[in-house]
Amino acid sequence: MNSNQIVIGIDIGTTSTKAVIFEEDGRIRAMHAVEYPMLHPQPGWAEQDPYILFSAVVQSIQGAVYKGNVSAEQVKAIGISAAMHSLILVDEHHRPLTNCMIWTDNRSSKQAEQWQKTKRGIEIYKKTGTPIHPMSPLMKLMWFKEHEPHVFERAHKFISIKEYVLYQWFHQYVVDYSIASATGLFSLQAFDWDEEILRLLHIDRQQLSQLVPTTYTLRGMDKKWAEQLSISAHTPVVIGASDGVLANVGVGAVLPHEAAITIGTSGAVRTISSLPKTDEHGRTFCYVLTENEWVVGGPTNNGGILLRWLRDEFGAQEKEVAKRLGIDPYDLLTQYAARVPAGSEGLLFLPFLSGERAPYWDAHARGTFFGISLRHGREHFIRAVMEGVCMSVFSVALAVRDVTGPLSEIRVSGGFAKSTFWRQMLCDMMGKELLVPDTHEASALGAAALALYATGDIVSLQEVKSWLRISSRHEPNEQHTAIYAELFDLYTRLYRQLKDEFRVISSFQSKYV
Ligand code: ADP
């Protein structure tokens with residue numbers, strides 16, 4: 001790549017699509033994001049309109065190209081990252097029969113619950129690396145077969161949003177190994193659709209897209225679209241991977257055992273593995289990055305959304321004060337939390353406000369404050385919530401470590417990383433050094449890096465490390481680590497003891513809410 005060339009990373013996410021123009025050293029020249037709504041036609045369903053998603057992808061590229069003042073010849077390549085687990089059924093005229101069901105869609109919770117318990121379900125997880133969960137397209141397809149067989153029967157293809165976009169541009173149905181590996185239909189060992197699972201669904205491999213490596217390059221974009229995007233139809237479009245695995249690349253956690261921890265609205269711990277690995281207890285996922293690299297990890301539902309919940313439901317006073325002081329209410333909340341010692345003087349919080357994915361995969365789990373006494377005030381509750389989020393992330397990290405071995409280097413990102421205090425809390429909880437890379441738009445950067453790797457402009461994804469500055473490092477405070485170890489033990493015991501009671505309160509809630 002010469003110095004006036006750029007690479008475009010596209011990140012088709014849950015709330016928006018972002019197109020980011022990167023210079024040769026990974027610096028962002030321009031970006032443009034286009035948001036879209038989530039549709040909930042029934043409780044627990046979560047869909048998006050494929051036409052709107054596609055138009056957002058187009059508009060985001062147009063906006064970024066315009067803002068970055070990029071000419072068609074300057075575009076070295078385009079790389080694509082997309083959210084995992086989406087599903088669209090299309091007919092033989094390539095028209096969507098359904099909206100795009102996204103990962104938060106819960107309609108198949110009954111199917112998932114039934115399959116989770118069976119030996120066959122565990123075998124499927126081990127074969128595919130995708131946990132048996134309503135997020136998985138496999139479970140969504142089971143739901144369709146049962147509840148909307150007429151739509152299921154009419155489906156010519158079962159595709160994800162990335163395949164939908166690529167079909168519009170190139171008139172081909174292709175899917176990268178990475179997105180495929182998060183469908184629940186893909187064999188990690190064979191790098192192929194799993195015949196046994198297809199038979200179970202009564203679908204034919206012709207109804208799925210052609211599988212290709214994550215470095216697969218498409219050329220010859222439909223001229224109409226190339227014109228609309230102000231790029232050449234010959235520009236290499238590298239298919240890329242899923243947003244989760246590319247986020248690891250984008251923060252520079254690219255070698256085996258290097259881990260990325262993200263805490264945004266939700267949270268995740270992910271590490272690179274040089275072999276596909278699954279967990280005896282079904283706690284972690286395993287998705288493809290390249291043909292030699294896999295990402296093992298686990299997502300938690302209960303990340304920064306808990307501090308947002310606290311701010312919005314109980315923090316009216318803090319919002320007022322923060323407004324007067326001209327600061328972010330989150331900063332005020334974390335200042336309050338810092339007034340009480342590590343361990344919140346014995347106030348413990350189980351943070352499962354929206355059930356939990358890894359490591360427990362328990363949709364019925366609920367939040368619990370434990371150990372409340374008259375001594376505890378506002379600050380304790382805030383700190384306990386922040387500690388609870390760290391404990392849930394730590395419990396995922398322990399499960400990942402069990403599967404892949406020790407985590408050698410941990411890089412953190414996401415909204416929580418804006419708070420030095422919260423980062424230090426996580427560092428103390430983990431008892432390990434944490435690095436904070438100066439990274440923005442990690443998945444788009446990962447997609448751009450993979451595109452340059454595919455074009456031969458970089459020899460290894462490790463090159464991303466040299467693009468990123470480490471803006472700070474945290475060392476654990478041993479005293480705090482010891483306090484948290486004691487509390488974490490109680491946390492896991494409490495969860496186990498309350499597991500059955502969580503089912504009771506959750507069914508009570510569905511009856512009366
Ligand atoms: P998303 O996952 O939706 O992209 P972000 O990565 O922006 O979300 O993270 C949002 C979360 O980050 C908030 O819910 C909040 O918990 C946390 N957060 C944002 N700013 C701060 C801050 N200044 N201090 C502490 N936490 C923060």
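Q: Which backbone has a polar atom 2.9 Å from an oxygen atom of the ligand?

A: A polar contact is a pair of N or O atoms within 3.5 Å, and here a polar backbone atom of Gly415 lies 2.9 Å from an oxygen atom of the ligand. A backbone N or O atom of Phe416 is 3.5 Å from an oxygen atom of the ligand, while an N or O atom in the side chain of Asp331 is 3.0 Å from a nitrogen atom of the ligand. This is a predicted model, in which local features need pLDDT of at least 70, side-chain atom pairs count only at pLDDT 80 or more, and totals for chains, interfaces and linings use all residues. Residues are numbered from 1 along each chain as its sequence is written, and side-chain values use heavy atoms, with hydrogens and water left out.

Q: How many residues surround the ligand?

A: A residue is near a molecule if one of its heavy atoms lies within 4 Å of it, and in this model 14 residues surround the ligand, with Thr265, Gly304, Tyr330, Asp331 and Gly415 the closest. Helices are DSSP runs of H or I with at least four residues, and strands are runs of E with at least two, numbered from the N terminus; α11 (305-314) and α13 (329-337) each supply at least two residues of this shell.

Q: In what order do the seven strands of the open sheet run?

A: Two strands pair if DSSP finds at least two bridges between them, and the order here is β17-β18-β16-β15-β21-β22-β23, with mixed pairing. The edge strands, β17 (285-290) and β23 (470-474), each pair on one side only. Within the sheet, β21 (residues 409-413) and β22 (residues 434-437) pair in the parallel sense over two bridges, and Arg411 has Leu435 in β22 as its bridge partner.

Note on methods: Polar contact = N/O pair within 3.5 Å; in protein donor to acceptor, adjacent residues only side chain to side chain.
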